[in-house]
Amino acid sequence: MGVRFQLISPLPRYLALAGPTASGKTAAALAIAQAWPVEIISVDSALVYRGMDIGTAKPSAAELAAVPHHLINIRDPLQAYSAAEFVADARQLMADITARGKLPLLVGGTMLYFKALRDGLDDMPRADPAVREAIALEAAQKGWPALHAELAQMDPDSAARLAPA
């Protein structure tokens, strides 16, 4: 199995500010915005979700109003948002912001998103809801330990990494 690299178009110029939750990224980004013509692109896997305000250090309404922010409160918590979707959204936003004569300022702590944007992603098949439903039905009938035992026969390495439940 070889490593596959995805050829992607170069990114426009941008600034990046990365760090853990509640480390001061928002304050730093707002300070940068006072000195530079920027728009902020959130690089945070929790901030995309509406209503997920506790424990995420989501910027306040005043902070959001001070400078344009993107990719915050764009999904319902029941909707998935993948790294691939982030890359597509961020690339489009970066192009749009650059076209407006501003500098994209990427701010967040989801390092997978930063890596995916910089390095690209391998093509992965989409999840098939019908397959997931069939597996859930089989698990309801046989139990997860029985399905884990079947997996162990077919793919011992994967079974060893996964708990039977």
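In this predicted model, I135 has a relative accessibility of 39% and counts as partly exposed. The residue lies in helix 5, which covers residues 129-142. Together with V131 and W144, I135 makes a nonpolar surface patch of about 280 Å².

Salt bridges were searched for across the whole structure, and eight were found. One of them joins R100 and E39, with the closest N and O atoms 2.8 Å apart. Because R100 lies in the loop between helix 3 (83-99) and strand 4 (103-108) while E39 belongs to strand 2, this pair ties together parts that are 61 residues apart in sequence. Strand 2 itself spans residues 38-43. Leaving aside residues up to four places away in sequence, E39 touches P68, H70, I97, R100, K102, L103, P104 and L105. Two of these contacts, R100 and K102, are also linked with E39 in a network of salt bridges.

A salt bridge also forms between the side chains of R75 and E85, at an N to O distance of 3.1 Å. R75 is in the loop between strand 3 (69-70) and helix 3, and E85 is in helix 3, 10 residues apart. R75 counts as buried at 18% relative accessibility, while E85 is partly exposed at 24%.

In helix 4 (residues 111-119), D119 and K115 are four residues apart, so about one helical turn separates them. Their side chains meet in a salt bridge of 2.8 Å, N to O. D119 is partly exposed, with a relative accessible area of 32%, and K115 is partly exposed, with 46%.

Key:
Residues numbered from 1 in each chain as written. Predicted model: local features only at pLDDT ≥ 70, side-chain atom pairs only at ≥ 80, totals over all residues. Heavy atoms only, no water. Helix = DSSP H or I, 4+ residues; strand = E, 2+ residues; numbered from the N terminus. Contact = heavy atoms within 4.5 Å. Patch = residues over 30% accessible without salt bridge, like charges linked within 9 Å, V, L, I, M, F, W, Y side chains within 5 Å. Areas by Shrake-Rupley, 256 points an atom, 1.4 Å probe, with all protein chains shown as cover. Salt bridge = Lys/Arg side-chain N within 4 Å of Asp/Glu carboxyl O. Buried < 20%, exposed > 50% of the residue type's maximum accessible area, 1.4 Å probe, protein only.
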